[in-house]
Amino acid sequence: MPKTYSSAPAGERQETATCALCGSTGTLPFLSSAGCRFVRCRSCSLVYQDPRPVFEDLRRRYGAGYFSYELENEANFFELMKLGLRDIDFDALTEGFLRPRAFLDVGCATGMLLAWMREKGWTVRGVDLCRESAQYGTGNRGVPIFAGTLEEAGFPAGFFSVAHFSHLIEHVPDPRGFIAEVRRVLAPGGFAVVTTPNIDGFQARLFREAWRSAIPDHLTLFSRRTLGRLLDESGFAVRRIVTWGGLARGTAPRFIKGPADALAKKWGFGDVMLFLAVRDASPSRG
Ligand SMILES: [Zn+2]
């Protein structure tokens, strides 16, 4: 089964990680894959890489090679993101939002989703660590994309009605700090739409270290429970969780894959999960 794109150049400086969810350092080995080691927190069961590369070295991974991968797959990823938004009835849910409505996409790659949202009348802003992707999206689609991290972008407090980040939070070294910044830039009552691989899903359990999401670029592998807890503790109320994908393409005949995928979705053990969470009503500080 093909793995998700990931590169881990030799010679990166490593650092020790602590649990982003509970701060504990007590861990059990979880799995090792492609030279990286995932552990499970003894206290809260969060799965994360320890040790891991320092951020300045991680940042270098998202260069020209990453841009080629993003560009090659942009149409596929765009279709999957649209399906996710459709599954949560995004248009109906946000219809009543006050105008102008501002949509933030973090990890927006080449900006295809941003261009589509702008067509639908939204004010859009993107953020991507990959400078080449940001330049491509800005140059070819005319959507404003900041090259760097969300924290570096420094958006005004309460600016956005929706913050969308698909397949991003598993790459972030400090997910708690990241979610705090998402909350700060969202208006009270605004939405966070979060998509990430599901470590409790059927495929993760079946394939273990061969799972397509057990890769060096993924620093944290969330479950419904661990991502739910992070959002709960960060000033969000989880309103919907959807999961998709029971079996990877090519691992089972279609007459098995179809029903398996439907069951995975119904029971929440799909390979990828989407959370819709609502930001609490208290104002942002700073
Ligand atoms: Zn923990």
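1. Lysine 120 lies over the face of tryptophan 116, 4.2 Å from the ring centre. A charge sits over a ring if NZ of Lys or CZ of Arg is within 6 Å of the ring centre and within 35 degrees of the ring normal. Arginine 208 places its charged end over the ring of phenylalanine 30, at 5.0 Å from the centre.

2. On the source: this is a predicted model, where local features need pLDDT of at least 70, side-chain atom pairs count only at pLDDT 80 or more, and totals for chains, interfaces and linings use all residues. Residues are numbered from 1 along each chain as its sequence is written, and side-chain values use heavy atoms, with hydrogens and water left out.

3. Twelve aromatic pairs turn up in a search of the whole structure. Rings of Phe, Tyr and Trp (its six-membered ring) pair if their centres lie within 6.5 Å; planes under 30 degrees apart count as stacked, over 60 as edge-to-face and the rest as tilted. Phenylalanine 103 and tryptophan 122 make an edge-to-face pair, 5.9 Å centre to centre with 75° between the planes. Phenylalanine 103 is in strand S6 (residues 102-106) and tryptophan 122 in the loop between helix H4 (112-119) and strand S7 (123-128), so their pair ties together parts 19 residues apart in sequence. Helices (H or I, at least four residues) and strands (E, at least two) are DSSP runs, numbered from the N terminus.

4. Buried means under 20% relative accessible area, exposed over 50%, partly exposed in between (1.4 Å probe, protein chains only).

5. Ring pairs also link Tyr62, Tyr66, Tyr69 and Phe77 into a cluster.

6. The zinc ion has four protein donors: SG of Cys19, Cys22, Cys41 and Cys44, lying 2.3 Å from the ion. Donors are N, O and S atoms within 2.8 Å of the metal (3.2 Å for Na, K and Ca); water is not among the atoms, so sites may look incomplete. Donor spacing in sequence is C-x2-C-x18-C-x2-C. Cysteine 41 and cysteine 44 are both buried.

7. Helix H9 spans residues 224-233, with Thr226, Leu227, Gly228, Leu230 and Leu231 buried. Those buried residues pack against helix H7 (175-185) and strands S10 (186-197), S12 (236-244) and S13 (272-279). Contact means heavy atoms within 4.5 Å. Just after H9, glycine 235 has a positive phi of about 90°.
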